[in-house]
Structures are given as C-alpha cells and as structure tokens.
Amino acid sequence: MGKAMTRMTVPDFVCAKASRRKIVMLTAYDYVGAKVAEAGHVDAILVGDSLGMTVQGHATTLPVTLEQMIYHTNAVCQGAPNSFVICDMPFGTYTNADAALQNSI
C-alpha cells in the first residue's frame with residue numbers, strides 16, 4: 001500500500017502562501033485523470049473550464065456550462081476522494097456577487 005494521503009485544507013493553502021512553499025496542482029476532467037493525480041500526491045486538483053477546448057473540442061471556454069462543470073467535478077471527486085478539488089466557474093456564472101455565491105453553492 002502507498003503512503004496515506006492527507007487532504008489539503010484552505011488554512012493549509014494560506015500557510016503555504018505565507019511561507020512561500022510551492023504547491024503542486026494538476027488539472028483533471030474525469031475519474032481516470034483524477035485517480036492518476038491523486039496517486040501522485042498532488043496538493044490540489046483543478047477541474048478547469050478549459051475542458052471546453054481539451055475535452056469538448058470548442059475553440060474557447062465560452063460554451064462550457066455550470067452543469068457541465070458540476071458533472072466533470074463529480075467525476076473527479078469520485079476518482080480522487082482524498083484530494084482537494086477546485087472547480088472553475090464558467091463564463092457568465094459570476095455576473096454579480098449574488099449570482100457568484102448562488103452558483104458556487
């Protein structure tokens with residue numbers, strides 16, 4: 001068995017920044033990519049709206065919807081249950097503070 005992994009927390013990231021410690025973050029869009037990232041003991045996994053280009057074949061990130069981001073983030077969380085996962089908010093989901101808060105929930 002590999003070494004046990006402890007999930008990073010927001011205070012851990014604050015401490016890392018304060019001490020200028022570099023962190024390791026990889027992007028994953030699916031279960032398999034998340035499994036690989038977690039096996040590498042990264043500090044965090046990003047589910048980026050860049051999936052619009054890398055997974056869906058669009059020219060930009062603009063067509064990516066919040067529902068698609070949620071779908072991919074759920075897959076990543078299934079593949080990396082012990083990792084700190086960050087999900088991009090796609091264009092248009094944070095037009096004001098209320099919308100940003102509601103959509104981030």
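Reader: Let's start with Ile86: what is its relative accessible area?

Author: Ile86 has a relative accessible area of 29%, so it counts as partly exposed. On this scale buried means under 20% relative accessible area, exposed means over 50%, and partly exposed is in between, with a 1.4 Å probe and protein chains only. Accessible areas come from the Shrake-Rupley method with a 1.4 Å probe, and for residues only the protein chains shown count as cover.

Reader: Good to know. What should I keep in mind about the model itself?

Author: This is a predicted model, where local features need pLDDT of at least 70 and side-chain atom pairs count only at pLDDT 80 or more, while totals for chains, interfaces and linings use all residues. Residues are numbered from 1 along each chain as its sequence is written, and side-chain values use heavy atoms, with hydrogens and water left out.

Reader: Back to Ile86, then. Which strand is it found in, and which residues is it in contact with?

Author: Ile86 is found in strand E3, residues 85-87. Leaving aside neighbours within four places in sequence, it is in contact (heavy atoms within 4.5 Å) with Met25, Ala44, Ile45, Leu46 and Val47. The C-alpha atoms of Ile86 and Leu46 are separated by 4.8 Å, although these two residues are 40 apart along the chain.

Reader: Nice. How many helices and strands does the protein have?

Author: There are five helices and three strands, running α-β-α-β-α-α-β-α from the N terminus on. Both kinds are DSSP runs numbered from the N terminus: helices are H or I with at least four residues, strands are E with at least two.

Reader: And how many residues are in the largest nonpolar core?

Author: Twelve: Ala28, Tyr29, Ala34, Ala37, Val42, Ile45, Val47, Leu51, Val64, Met69, Val76 and Ala80. Helix H2, strand E2 (44-47) and helix H4 (66-79) each supply at least two residues of this core. A nonpolar core here is a set of buried Ala, Val, Leu, Ile, Met, Phe, Trp, Tyr and Cys residues joined through side-chain atoms within 4.5 Å. One member, Val42, touches Met5, Val24, Leu26 and Ala37, not counting residues up to four places away in sequence.

Reader: Let's talk about H2. Which of its residues are buried?

Author: In H2, Ala34, Ala37 and Glu38 are buried. Seen down the axis of H2, the buried residues fall within an arc of 95°, so they line one face of the helix. The arc is that of the directions from the helix axis to the C-beta atoms. These buried residues of H2 pack against E1, E2 and H4.

Reader: Which exposed residues does the face turned away from the buried side of H2 carry?

Author: Val32, Val36 and Ala39 are the exposed residues there. Val36, for instance, counts as exposed because its relative accessibility is 57%. Tyr31, Val32 and Val36 form a nonpolar patch on the surface, with about 300 Å² of accessible area together. Patches are made of residues with over 30% relative accessible area and no salt bridge; like charges are joined within 9 Å, and nonpolar side chains (Val, Leu, Ile, Met, Phe, Trp, Tyr) within 5 Å.

Reader: Speaking of salt bridges, what does the count come to?

Author: One salt bridge, where that means a side-chain nitrogen of Lys or Arg within 4 Å of a carboxyl oxygen of Asp or Glu. The side chains of Asp43 and Arg21 meet in it, at 3.9 Å, N to O. Asp43 lies in the loop between H2 and E2, and Arg21 in the loop between helix H1 (10-18) and strand E1 (25-27), so the pair ties together parts that are 22 residues apart in sequence. Asp43 is buried, with a relative accessible area of 14%, whereas Arg21 is partly exposed at 40%.

Reader: Last one, on backbone angles: what is phi of Arg20, and what is phi of His41?

Author: Phi of Arg20 is near 60°, a positive value in a residue other than glycine. Arg20 is found in the loop between H1 and E1 and is exposed, with a relative accessible area of 76%. For His41, in the loop between H2 and E2, phi is near 55°, also a positive value in a residue other than glycine.
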